[in-house]
Amino acid sequence: MYYLLRLVVLNADHIHNFFVPFLLQVGLFIATVLPVLRRYSRRGTYHSKKRLDGQTAFVTGGNTGLGYETSKDLCRRGARVVMLVQEAGMGRAAVHKIEEELKGDAKRGQIAMKTINLGNFAKIRQCANELREEETRLDLLVLNAGVCTFQN
Ligand SMILES: NC(=O)c1ccc[n+]([C@@H]2O[C@H](COP(=O)([O-])OP(=O)(O)OC[C@H]3O[C@@H](n4cnc5c(N)ncnc54)[C@H](OP(=O)(O)O)[C@@H]3O)[C@@H](O)[C@H]2O)c1
């Protein structure tokens with residue numbers, strides 16, 4: 001507003017004297033504030049290009065939300081990922097979706113799924129024993145599944 005008012009009352013010479021510092025200020029703003037905003041907006045997000053070829057990861061709750069994105073990222077970086085999911089249909093759909101999203105990426109790893117019910121200790125032990133027999137190694141265990149409730 002201040003600059004607009006000045007623009008109205010000033011003649012051509014003054015306009016030149018006004019615009020040069022104005023543009024300098026805009027340039028200075030873009031050069032200093034935008035990188036800070038960009039950096040701030042990336043805070044809390046993990047980015048890694050580290051390859052995980054030959055490694056095996058288990059991700060509980062891998063069919064949706066944070067578990068899904070984690071599974072996809074690990075697979076993209078070359079890991080064999082086993083998503084441990086509550087419901088087989090949803091697990092198969094998630095495997096299919098990740099395969100579609102990473103289609104054409106020759107460096108991606110494998111993605112598989114297995115059912116687990118984390119609300120039942122006997123089922124957890126059974127799943128763990130089966131995994132011990134089916135898989136040859138475990139490098140990364142992502143215990144993501146759970147529910148988050150908010151109270152007023
Ligand atoms: N998103 C956030 O802002 C936030 C903040 C703080 C903490 N967290 C925590 O981060 C984790 C993931 O969050 P999210 O937002 O991605 O949650 P989400 O989308 O609700 O996913 C939770 C996952 O856990 C699975 N799960 C729940 N109970 C299970 C059980 N008994 N057995 C096997 N799997 C079960 C769900 O399976 P189904 O799909 O079959 O239900 C789903 O795959 C949760 O532990 C949450 O508490 C999230």
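## Terms and overview

Helices (H or I, at least four residues) and strands (E, at least two) are taken here as DSSP runs and are numbered from the N terminus. The structure described is a predicted model.

The chain holds five helices and four strands, and from the N terminus on these elements run in the order α-α-β-α-β-α-β-α-β. Of its 152 residues, 21% are buried. When contacts between residues at least 6 apart in sequence are considered, 66% of them join residues that are at least 24 apart.

## The sheet

The four strands form an open sheet with parallel pairing, in the order S3-S2-S1-S4. Strands S3 (111–115) and S4 stand at the edges of this sheet with a single partner strand each, so one side of each has no neighbour there. On average, and with direction ignored, neighbouring strands of the sheet are turned by 20° against each other.

The pairings can be followed strand by strand. S2 (residues 80–85) and S3 are joined in the parallel sense over five bridges, and Leu-84 has Lys-114 of S3 as its bridge partner.

## Strand S1, enclosed on both faces

How many of the five residues of S1 are buried? Five of the five are buried, so the strand is largely enclosed by the rest of the structure. Both faces are covered, with Thr-56, Phe-58 and Thr-60 buried on one side and Ala-57 and Val-59 buried on the other.

The buried residues of H3 are Gly-67, Thr-70, Ser-71, Lys-72, Leu-74 and Cys-75, and the elements covering the buried residues include S1, S2, H4, S3 and S4. After H3 comes Gly-78, which has a positive phi, near 105°.

Helix H4 (residues 88–101) lies across S2 and S3, and the direction of H4 runs at about 170° to S3.

In soluble globular proteins, nonpolar side chains tend to be buried together. In this model the largest nonpolar core has 18 residues, and Val-81, Met-83 and Leu-84 are those that touch the most other members. Two or more residues of the core come from each of S1, H3, S2, H4 and S3, and the largest share, five residues, is given by S2.

When residues up to four places away in sequence are not counted, Met-83 touches Val-59, Gly-62, Asn-63, Ser-71, Gly-91, Ala-94 and Met-113.

Helix H5 (residues 121–134) has 14 residues and reaches 20 Å from its first C-alpha to its last, close to the 20 Å expected at 1.5 Å a residue. Does this helix lie enclosed or in the open? The number of buried residues among the 14 of H5 is zero, so the helix lies largely in the open.

Glu-135 has its place in the loop between H5 and strand S4 (140–142). A residue is buried if 20 or more other C-beta atoms lie within 10 Å of its own, and exposed if 12 or fewer do; with 14 C-beta neighbours inside 10 Å, Glu-135 therefore counts as partly exposed. Apart from its neighbours within four places in sequence, Glu-135 is in contact with Thr-56 and Val-82. Glu-135 and Thr-56 are 79 residues apart in sequence, and their C-alpha atoms are 8.5 Å apart in space.

Technical notes. Residues are numbered from 1 along each chain as its sequence is written. This is a predicted model: local features need pLDDT of at least 70, side-chain atom pairs count only at pLDDT 80 or more; totals for chains, interfaces and linings use all residues. The expected span of a helix is 1.5 Å times one less than its number of residues. Two residues are in contact if their C-beta atoms, placed from the backbone, lie within 7 Å. Two strands pair if DSSP finds at least two bridges between them. Axes are lines fitted to C-alpha atoms, for helices over the stretch in contact, and angles run from 0 to 180 degrees between N-to-C directions. A nonpolar core is a set of buried Ala, Val, Leu, Ile, Met, Phe, Trp, Tyr and Cys residues joined through C-beta atoms within 7 Å.
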